[in-house]
Amino acid sequence: MKYIFIIAITAISVSSFAQGNSVEVFKTSYAYEASGQYQKAISTLEKIDLSSSYSANLRLGWLHYLNANYLKSKSFYTTAIKLKPSSIEARLGLIYPLQVMSNWDEVIKVYTAILSIDGNHTSSRYQLAYIYFVRKKYTTAETHLKKILSLYPFDYNSNALLGSIYVKLGKIKEAKKHYTIALEYNPSATDISAILKGL
Amino acid sequence: MRRLTLYIFFMFLSGGFILFAQEDYKQVDSVTYKHFVNEDWEKLIEFGEKTTQNGADYFYFNLRMGIAYFKLEDYKSSLEFLTKANQNNSYNKIAVEYLFWSNYHLLKEKEAKEWYTQLDDSTQQRIAYTPNKKLSSIYLEYGLKLASDRQFANNATYLNLGLTHHLTGKIAFVQAYTFNSQSLNWGNYTQHQYYANPSYLFNKSTKLNLGLHGSLFDGVFDFLWEGTYQSPPPMGFPGASFIDTLADSSYQINGTYKELGLLIEPRFTKKWNNIITSGYFGFYTSKGQSNYLETYYDSTVITERTGPAIISQSIEVNDSTSQPVGATINQYTIGMDFSYSHWFITAGSDLKFILNDGNSNFFFSPYLKINISEKLQFSAYYFKKGNYAISLFEGSQLFNYFAPLTRYSLTTKYSISKKTHLYLTYQYESVFDNFNGVDYRLNSIYLGLKFKL
């Protein structure tokens, strides 16, 4: 009985330490990160109760990514998502280690999940379109880009990429149209000018 | 109190263990990369398996592990890691190619075909994989055997049609029909043969097959021999008596002889790198059906003379007719085939112990294959057999003529395309003809075409 009481006191004190000093811990970790001491930043954050802290898991995901430990980075970002299932920021963080580890199919799944949470998350949709373009799935990429351009018709990157997709699909007229819009946005884009001259 | 201290210590330690159970990415990546580049597959697998348990799961790790298992020919484990690698990154074609080869070696025909279709054109052309079909190839061969001694034997013709079926990745079936015919001084014969060979592949290096070969020999006898013997003129003293002999003889054979034969030859084949061995049993049985008559006639006139005067004269006549009865012959064989390949040459031999009608015989047939180039291949074999039947090449060739035969065979294979192959064969044979009791020679030329479908 005496032991149980002591354990309970220990647990409460650890918890109150985490709550009371979490801001300080984060502050310290930022300082270590700024000076490139990622392992110290990580060790500092591990004082927090990781089983319930979304913010600590999210930050540890980032710090492990910076520390080039992508397996752990992935693991902490995944835990963060479990704690906050609709989090987009944790998913965007998860994409970093997945990209470095070439787990591209998982990257696609994460971007798709983001779009199912927020269909207007344009940067994710663009990245997804770009991956499909690289994978030569031009019609899928085209669908995503059209959705972006319905919201941002003057977006430079989307118009330029859609122009390239239409070239691959042999739709030269449409390609010229979108390359021209991209050039209107950025008249000094020499690469687009060169492509347009060649079409 | 000490127990409590230990408890708290273990409580923190367990939390720490959960945190640090996962391997460090940099270490995992550098160690697996190092072993991979050094082709140290065992070490890579040993390290990788521990790492997997600790949560390592990313594209290059899974790819390296899959390739390591593939190199060690553990295709099931290779498939497990390559599948994960493909789930990490399905766009990478290296994983896809290894997935194809792993399934190919595991004889998973359907899966291999699916992965193959995901490869780009240049990789497909390099691999040139042709999925097995129900009818995967057709072979047609025609040949002419030119006899050297026409007073005993005329030319013979030979025709062979073979089909290869792949029912599944593991089960194949080969069947062939062969026709032979020849006319000789005693008549003529035709022989129809049917060969069937179902086989089961346990894996790419282990096979069980059953060679079955049936034959129907159909002979027609139509032979008459007549002769006269006159004793030479006397060399004795003038006026002395002498014996003068005049003999007329004939031998005639007319009718037909049919023989049904069946060979059953189960065989187990195992391949180790560049060595292939197979052991087999053979049972051959034949039943003859005679429907012919043999007639012998002798008439001898013996005359005793003194000069032109006949002192005495006697005539002896022998006349007999017989109808032979067809016999049943059973023959048992135990054999072993061994071949070794090095570089572009394969050498081997088929060894048999044959038990036939209480007589035991040893038989061997050496063979050689030389791959000159991708398109050109030479092969040769030799054998010399006695008064027994033999089979060669998994029972596909059956020599059921119970008489001595020596054969030298040389074949050139030329691949016109990946699906069409041309075969040109020359054979020299020395055949003992039981009827005439003489050897005659055959020079044979065969032309064969194989179409892969």
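Me: Among contacts in chain B between residues at least 6 apart in sequence, what percentage join residues at least 24 apart?

Reply: This is a predicted model, so read every value as computed from it. The figure is 56% for chain B.

Me: Which secondary structure elements does chain B have, and how many?

Reply: Count helices and strands separately. Chain B has eight helices and 17 strands.

Me: What share of the residues in chain B is buried?

Reply: Chain B has 453 residues, and 23% of them are buried.

Me: Let us take one residue. Is Phe100(B) buried or exposed?

Reply: Count the C-beta neighbours. The cut-off for buried is 20 or more within 10 Å. Phe100(B) has 25 inside 10 Å, so it counts as buried. Phe100(B) lies in helix α6(B), residues 93–105.

Me: Which residues is Phe100(B) in contact with, leaving aside neighbours within four places in sequence?

Reply: Phe100(B) is in contact with Ala112(B), Trp115(B), Tyr116(B) and Leu119(B). Look at Leu119(B) next. Leu119(B) and Phe100(B) are 19 residues apart along the chain, and their C-alpha atoms are separated by 9.1 Å.

Me: Which residues touch the most other members of the largest nonpolar core?

Reply: That core has 76 residues. Leu45(A), Ala129(A) and Leu161(A) are on the list from chain A. Leu82(B), Ala95(B), Leu99(B) and Phe100(B) are on the list from chain B. Helix α4(B), residues 59–71, gives this core its largest share, eight residues. Apart from this core lies another, of seven residues, including Tyr284(B), Ile354(B), Tyr388(B) and Ile390(B).

Me: What does Ala129(A) touch, not counting residues up to four places away in sequence?

Reply: Ala129(A) touches Ala141(A), His144(A), Leu145(A) and Leu161(A).

Me: Now helix packing. At what angle do the axes of α2(B) and α3(B) cross?

Reply: Find the two helices first. α2(B) covers residues 25–37, and α3(B) covers residues 41–53. Their axes come within 9 Å and cross at roughly 155 degrees. That angle makes α2(B) roughly antiparallel to α3(B), because angles over 145 degrees count that way. The crossing is left-handed.

Me: Which residues make the contact between α2(B) and α3(B)?

Reply: Take each side in turn. From α2(B) come Val28(B), Val31(B), Thr32(B), His35(B) and Phe36(B). From α3(B) come Lys43(B), Leu44(B), Phe47(B), Gly48(B) and Thr51(B).

Me: Where is Glu39(B) found?

Reply: Glu39(B) is in the loop between α2 and α3 of chain B. Check the phi angle there. Most residues other than glycine have a negative phi. Glu39(B) is not a glycine, yet its phi is positive, about 55 degrees. With 10 C-beta neighbours inside 10 Å, Glu39(B) counts as exposed.

Me: Now the strands. How many bridges join β6(B) to β7(B)?

Reply: Ask about direction as well as number. β6(B), residues 241–272, and β7(B), residues 275–306, run antiparallel and are joined by 30 bridges. One pair to find is Asp248(B), whose bridge partner in β7(B) is Ser299(B).

Me: What lies between β6(B) and β7(B)?

Reply: These strands form a hairpin with two residues between them. Asn273(B) is found in that loop. Asn273(B) is not a glycine, but its phi is positive, about 45 degrees. Asn273(B) counts as exposed, because it has 8 C-beta neighbours inside 10 Å.

Me: Which strand forms a hairpin with β7(B) that has Gly307(B) in the turn?

Reply: The strand is β8(B), and two residues lie between it and β7(B). Gly307(B) has a positive phi of about 60 degrees. β8(B), residues 309–322, runs antiparallel to β7(B), with 13 bridges joining them. Thr295(B) has Thr321(B) as its bridge partner in β8(B).

Me: In what sense do β7(B) and β9(B) pair?

Reply: They pair in the antiparallel sense, over 13 bridges. β9(B) covers residues 328–342. There, the bridge partner of Tyr280(B) is Gly335(B).

Me: How many residues lie between β11(B) and β12(B)?

Reply: Four residues lie between them in a hairpin. β11(B), residues 359–371, and β12(B), residues 376–385, pair in the antiparallel sense over five bridges. In β12(B), Ala380(B) is the bridge partner of Leu368(B). β12(B) also pairs with β15(B), residues 405–415, in the antiparallel sense over 10 bridges. There, Leu376(B) has Tyr414(B) as its bridge partner.

Key. Residues are numbered from 1 along each chain as its sequence is written. Chains are lettered from A and ligands numbered from 1 in the order in which they are written. This is a predicted model: local features need pLDDT of at least 70, side-chain atom pairs count only at pLDDT 80 or more; totals for chains, interfaces and linings use all residues. Two strands pair if DSSP finds at least two bridges between them. A residue is buried if 20 or more other C-beta atoms lie within 10 Å of its own, exposed if 12 or fewer, and partly exposed in between; C-beta atoms are placed from the backbone. Two residues are in contact if their C-beta atoms, placed from the backbone, lie within 7 Å. A nonpolar core is a set of buried Ala, Val, Leu, Ile, Met, Phe, Trp, Tyr and Cys residues joined through C-beta atoms within 7 Å. Axes are lines fitted to C-alpha atoms, for helices over the stretch in contact, and angles run from 0 to 180 degrees between N-to-C directions. Angles under 35 degrees count as roughly parallel, over 145 as roughly antiparallel, 65 to 115 as roughly perpendicular and the rest as oblique. A crossing is left-handed if the near helix is turned anticlockwise from the far one by less than a right angle, and right-handed if clockwise.
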